[in-house]
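Please work through each task before reading its solution.

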Amino acid sequence: HQRWASTTVSSNLNSVTEEDLAHFSSFLAPSSILSTLSPSNTPADELTPFNDDWMGKYKGRSTTVLKPRTTEEVSKIVKHCNEKRIGIVPQGGNTGLVGGSVPVRDELILSLSNLNKVRSFDSVSGILVADAGCILQSLTDYLAPHSHIMPIDLGAKGSCHIGGNVSTNAGGLRLMRYGSLHGAVLGLEVVMPDGTILNQLSGLRKDNTGYDLKQLFIGAEGTLGVVTGISILAPVMPAATNAVVLALPSFDQVIPLFKIVKRDMGEILSAFEYMDRESYTLSVKHGQGKGLSEEEIEGAQCFVLIETSGGNKEHDEEKLSNLLEKVMDPDAGLVTSGVLAQSPAQFESLWAIREGIPEAIGKSGKAYKYDVSIPASKFKEFVDKTKDHLLSKGLLHENAIKGVVGYGHFGDGNIHLNIVAAAYTPEIAAALEPFVFELVASYNGSVSAEHGIGYAKTSAMRYSKDQTSIELMKKIKKLFDPNGIMNPWKVLPQ
Ligand code: FAD
Ligand code: MLT
Ligand code: ZN
């Protein structure tokens, strides 16, 4: 485990004191304060779920978690912290994968979990306005009776907040169809680092009045302010959805298959996800979903999950069955076997194979996660080169690295390379970095496709952004947050 005590971050920031706590108690309900400081005296283990990240890799040492119930309360907390130079980590569902959602030292954790109400929904425009702390799945459930869906979906949907999604500019499983949050988010309400409330909760599809400030907060990972409200465009619920998992004899078949699927499915194609053999096997082994039988996957090198979402059930089913007939033809040599969901339960089960991969990896060991954009044609080469490199370092064995797996959003050119290790060790970290980042740069790729930079990737940013861009980002940070209280040591290289 990585302990922050051993890191060498310097700072002018102050720790939360009992006086600060007394101030917070003057306007927050007692249930909104968790602190090991007196007089709250919360047991330290109650703070562990807020201090530790999802991977069990990054561990903060915060004494205090505040859970405000209103935007005004958030504003008062932030204003006080700015005056006292106390660092703040805004926290949503704490499912982030780059160490951005937990403190580096003992920064105050500002949890948005009590800011969790839907503010309004307009079924004509499809515009949903919600508090930042709404859990993604709860918004999906809210919209279902109104026949709408969220434009974003991801494996962490049961825990992650919409505010966290916006702050990481999360991609997920629907990006191919509905685009990124930079398009779907119409407006934001943000508490700025001095406590000012910036209200840009627009309900307009079109608004070209000056600079589009909200875009800066989408993907800022809490370094520019606290997102408290979101206005987002929700698509109409598709009348029919289908899913199919196909086994492919080798990676060489993925691109020809993708081209056919894109052409033949057209507007109803909503996902094209990739799983290499190792990631598929790991997920099924850990009971994340049921797919093909042992015999059916014999000889398969990789798998794809194709989802369609359209407005006409019969028309969509006909399109899909024509496609399957074509690609399953043994003469085409594209696919060795496949399974088409026959029921809503099977649809969920097929998706569970893909969505369950991160959890299955977590059950198998400690994951080094690389979330990169590279040309889709290089997905396998990227994983293989990393594997060869680790083999040459003598690290590919049960006591060091148990597996190297690749999966991801093929349709978006985004692969997740995961190195499953017995433990986090400096030796493995040194073997992986900068090797992986240099490889990504050689493909002109991005070292972070969707998870963000957080604490984990600050020194890697330069592999995907030039110095001019980084300097401009630092100026923006200084302008918005001159005292550097918002999520310190995250995103920008020190
Ligand atoms: P947190 O983890 O709490 O925070 C993430 C970052 O945002 C931190 O820097 C935090 O300070 C900041 N933040 C959070 N809330 C606010 C706020 N209200 N205002 C300002 N800053 C804030 N990501 C993808 O892009 N695509 C995926 O498909 C995907 N799948 C995942 C599957 C699993 C199983 C897991 C565990 C994670 C996955 N992720 C994925 C990672 C991902 O970043 C998120 O799950 C999600 O967007 C984070 O939301 P959260 O509420 O948990 O935010
Ligand atoms: C995914 O696509 O499953 C996520 O981004 C999470 C991960 O990469 O582990
Ligand atoms: Zn992903």
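**Exercise 1.** Identify the residues through which α9 meets α11, and classify them.

*Solution.* In α9, the residues L257, I260, V261, D264 and M265 meet K319, L323, K326 and V327 of α11; two residues are in contact if their C-beta atoms, placed from the backbone, lie within 7 Å. These contact residues divide into 6 nonpolar, no polar and 3 charged. Here Ala, Val, Leu, Ile, Met, Phe, Trp, Tyr, Cys and Pro count as nonpolar, Asp, Glu, Lys and Arg as charged, and the others, Gly among them, as polar.

The model is predicted: local features need pLDDT of at least 70, side-chain atom pairs count only at pLDDT 80 or more, and totals for chains, interfaces and linings use all residues. Residues are numbered from 1 along each chain as its sequence is written, and chains are lettered from A and ligands numbered from 1 in the order in which they are written.

**Exercise 2.** Describe how the axes of α9 and α11 are arranged.

*Solution.* First, locate the helices, which are DSSP runs (H or I, at least four residues) numbered from the N terminus: α9 covers residues 254–265 and α11 residues 313–328. Next, their axes come within 10 Å and cross at roughly 155 degrees, angles running from 0 to 180 degrees between N-to-C directions. Therefore α9 is roughly antiparallel to α11 (angles over 145 degrees).

**Exercise 3.** State how domain 2 and domain 4 are placed and what their contact contains.

*Solution.* The domain assignment, which is automatic or from a database, gives domain 2 as 118–233 and domain 4 as 365–451. Their centres, taken over C-alpha atoms, are separated by 30 Å. The contact takes 5 residues from domain 2 and 7 residues from domain 4. On the side of domain 2, there are 3 nonpolar, 2 polar and no charged residues.

Note on methods
Helix = DSSP H or I, 4+ residues; strand = E, 2+ residues; numbered from the N terminus. Parallel < 35°, antiparallel > 145°, perpendicular 65-115°, else oblique.
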